[in-house]
Amino acid sequence: MRTQVVIIGGGPAGLLLGQLLQRQGIDTVLLERHSREYVLARIRAGVLEAGLVDLLHQAGVGERMQRNGLRHEEIYLAHSNRGFRIDFRQLCDSAVMVYGQTELTLDLYQARDAMNATMLHQVDQVEIHGADTDKPRVSFIHDGREQNFECDFIAGCDGFHGVSRNSVPADQRTLFERVYPLGWLGVLSRTPPVSDELIYASHARGFALCSMRSPGLSRYYIQVALEDSVQQWPDEAFWRELKRRIPHDAAESIVSGDSIEKSIAPLRSFVAEPMRWGRLFLCGDAAHIVPPTGAKGLNLAASDVYYLWRALSQYYEDGDEQDIDNYSAMALSRVWKAERFSWSMTNLLHRFPEQSQFDLRMQQAQLDYLESSRAAQTALAENYLGLPY
Ligand code: FAD
Ligand code: DHB
């Protein structure tokens, strides 16, 4: 069988790339390891930059997000029972959109269904062949049968644990990594959010974040030890700990309830360079991971998709390979800036096991500076809102 672009991975990166390409008449086949139900049940990111919001509109899938998404024009940074706002509208005249990754994924699945574009779930043993030749091919097992797709290009959108990145020979790539000695325990609950705005809280007991998905659905996180398990955190223990770390008035007004999802995610910074090997392109978490502080993971996947979409449509329009050759450098330039921002927000707001008194004073001084300086707030806002692409 043959197609123009094989997309490995049916997460947001693969689905969005497929949607943008198909709408331009470029044929894609999308291969996903898990079932659709499994992918749609994974609770992950929630904050969309304006750039991603625009891209979803361009892809023709922005309607439900526009209706149900929550526009946020500020965030609240709390520390030691007090805090201050970063006002995005005043500082940068822009905003972010709170809309769950699961909703966005559902919109993209439905759009792909409507276009009748090929999408195979529960594929196994995906292998990439000849990515450094003119005749790349992807083989896999589906419904118990080995199948093959020949193609022009392969988009590796299969996340951090996928096969694409490891298909690049070890001597052709460089990996950069920092693993943080902490995790985020996340809870989703059918309760009204404690506040209209997101609260990022630095506290002696560790970081906490109050977020949301809708007026009746809250998403909260607390920093935990990397070794902790979900079983160690029954709901009552979670709520008690969250309330201790956020300002008193928020703690008093918070509505707790049963968790409907609870998971622990490790914090990691990771980049694989380059993001292209021959006719294979890495896109999204397959190429890079950021710690979640600052909500950049999903948004970074979106900017990769944008660069790759432009490069491939340019190629199919007039055979011009310039943007294909530039893909890795353009994507990485933005990736490293988002890595820097996520790393700095993580360092600013968390407590670390080996932290000295000096380190704590540095965090405090940084927070004080942020509170008092419009320039510092503007820099934070510019990065949180998303650098242009
Ligand atoms: P993914 O969403 O990982 O999608 C990759 C897809 O490829 C998956 O569906 C996977 O099943 C499939 N796949 C993998 N291997 C294969 C294979 N061999 N063959 C076929 N298919 C394969 N970001 C935030 O901004 N805020 C958050 O709160 C946040 N929380 C997160 C929590 C967790 C537990 C994780 C893992 C990530 C979180 N992120 C968060 C990051 C954000 O969700 C990701 O950056 C985003 O999902 C990246 O999209 P992607 O499509 O590149 O990768
Ligand atoms: C959410 C996650 C983040 O990492 C973040 O910085 C803000 C919000 C969320 O899941 O809602």
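Start by selecting residues 297–318, helix H9. Its 22 residues should span 32 Å at 1.5 Å a residue, and its end C-alpha atoms are 32 Å apart, so the two agree. The expected span is 1.5 Å times one less than the number of residues. Helices here are DSSP runs of H or I with at least four residues, strands are runs of E with at least two, and both are numbered from the N terminus.

This is a predicted model: local features need pLDDT of at least 70, side-chain atom pairs need 80 or more, and totals for chains, interfaces and linings use all residues. Residues are numbered from 1 along each chain as written, chains are lettered from A and ligands numbered from 1 in written order, and side-chain values use heavy atoms, without hydrogens or water.

Stay on H9 and show its surface. Of its 22 residues, 16 are buried (under 20% relative accessible area, 1.4 Å probe, protein chains only). Step on to Gly319, which follows H9 and has a positive phi, near 75°.

Now select ligand 2 and the 14 residues around it (a heavy atom within 4 Å). Tyr200, Ser211, Arg213, Tyr221 and Pro292 come nearest.

Polar atoms of Ser211 and Tyr221 each lie 2.6 Å from an oxygen atom of ligand 2. For Arg213 the distance to a ligand oxygen is 2.7 Å.

Finally, colour strands E14 (198–202), E15 (208–214) and E16 (217–225). Each gives two or more residues to the shell around ligand 2. E15 gives the most, with 3 residues.

Methods
Buried < 20%, exposed > 50% of the residue type's maximum accessible area, 1.4 Å probe, protein only. Polar contact = N/O pair within 3.5 Å; in protein donor to acceptor, adjacent residues only side chain to side chain.
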